[in-house]
Amino acid sequence: MDTRLLELLVCPICKGPLDYQRPPMAERAELICNADRLAFPVRDGMPIMLESEARQLDDNASAVGAK
């Protein structure tokens, strides 16, 4: 994903910052909102910034620090 795009993207719910996780550090490419505990999928290099497409993060999952 383009780094310029990453600088512009924010969480569509809280407008907070997002962390980009991608393989091999993570199972799949996602944009993580730590405030809302949501993971927005990235499919074919395109972020899907819809709340209905986001998955809820587990309480045990640690998304902090992964970019």
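1. A residue counts as buried when its relative accessible area is under 20%. By that cut-off, strand S3, residues 38-43, is mostly covered, with 5 of its 6 residues buried.

2. Overall make-up. The protein chain holds 1 helix and 5 strands, and from the N terminus on the order of these elements is α-β-β-β-β-β. Of the 67 residues in the chain, 34% are buried. The accessible surface comes to about 4600 Å², and carbon and sulfur atoms account for 51% of that surface. Among contacts between residues at least 6 apart in sequence, 30% join residues at least 24 apart.

3. Confidence. The mean pLDDT of the chain is 86, and 88% of its residues reach 70 or more. Residues 62-67 are another matter: pLDDT stays under 50 there, and the model has 13 contacts beyond four places in sequence for this stretch. Where pLDDT is low, the predicted coordinates should not be read in detail.

4. Pairing of S3 with S2. Strand S2, residues 30-33, runs antiparallel to S3, and 4 bridges join the two. Within this pairing, Leu31 has Phe40 of S3 as its bridge partner. The two strands form a hairpin with 4 residues between them. Arg37 lies in the loop between S2 and S3 and has a positive phi of about 60°, although it is not a glycine. With a relative accessible area of 22%, Arg37 is classed as partly exposed.

5. Pairing of S3 with S4. Strand S4, residues 46-47, pairs with S3 in the antiparallel sense over 2 bridges. Val42 has Pro47 in S4 as its bridge partner. This hairpin has 2 residues between its strands. Asp44, in the loop between S3 and S4, is not a glycine either, yet its phi is positive, near 50°. Asp44 is exposed, because its relative accessible area of 81% is over the 50% cut-off.

6. Pairing of S3 with S5. Strand S5, residues 55-56, is also antiparallel to S3, and 2 bridges join them. Here the bridge partner of Ala39 is Arg55.

7. In soluble globular proteins, nonpolar side chains tend to be buried together. In this model the largest nonpolar core has 11 residues: Leu9, Cys11, Leu18, Tyr20, Ala29, Leu31, Cys33, Leu38, Phe40, Val42 and Ala54. S2 and S3 are the elements that give two or more residues to this core, and S3 gives the most, with 3 residues.

8. Cys33. Leaving out residues up to four places away in sequence, Cys33 touches Cys11, Cys14, Pro17, Leu18, Leu38 and Phe40.

9. Met49. This residue is found in the loop between S4 and S5. Beyond its neighbours within four places in sequence, Met49 is in contact with Val10, Pro12, Leu18, Leu31 and Phe40. Met49 and Ile13 are 36 residues apart in sequence, and their C-alpha atoms are 9.4 Å apart in space.

10. Glu30. Glu30 lies in strand S2. Its relative accessible area is 4%, so Glu30 is buried. Its side chain makes a polar contact of 3.3 Å with the side chain of Arg28. Not counting residues up to four places away in sequence, Glu30 touches Asp19, Tyr20, Gln21, Ala39, Phe40, Pro41, Val42 and Arg55.

11. A cis peptide bond. The bond from Pro23 to Pro24 is cis, with omega near 10°. Pro24 is placed in the loop between strand S1, residues 19-21, and S2.

Note on methods:
Residues are numbered from 1 along each chain as its sequence is written. This is a predicted model: local features need pLDDT of at least 70, side-chain atom pairs count only at pLDDT 80 or more; totals for chains, interfaces and linings use all residues. Side-chain values use heavy atoms; hydrogens and water are left out. Buried means under 20% relative accessible area, exposed over 50%, partly exposed in between (1.4 Å probe, protein chains only). Two strands pair if DSSP finds at least two bridges between them. Contact means heavy atoms within 4.5 Å. Accessible areas come from the Shrake-Rupley method with a 1.4 Å probe; for residues, only the protein chains shown count as cover. A nonpolar core is a set of buried Ala, Val, Leu, Ile, Met, Phe, Trp, Tyr and Cys residues joined through side-chain atoms within 4.5 Å. pLDDT is the predictor's confidence in each residue, from 0 to 100. A polar contact is a pair of N or O atoms within 3.5 Å; within protein, one must be able to donate a hydrogen and the other to accept it, and residues adjacent in sequence count only if both atoms are side-chain atoms.
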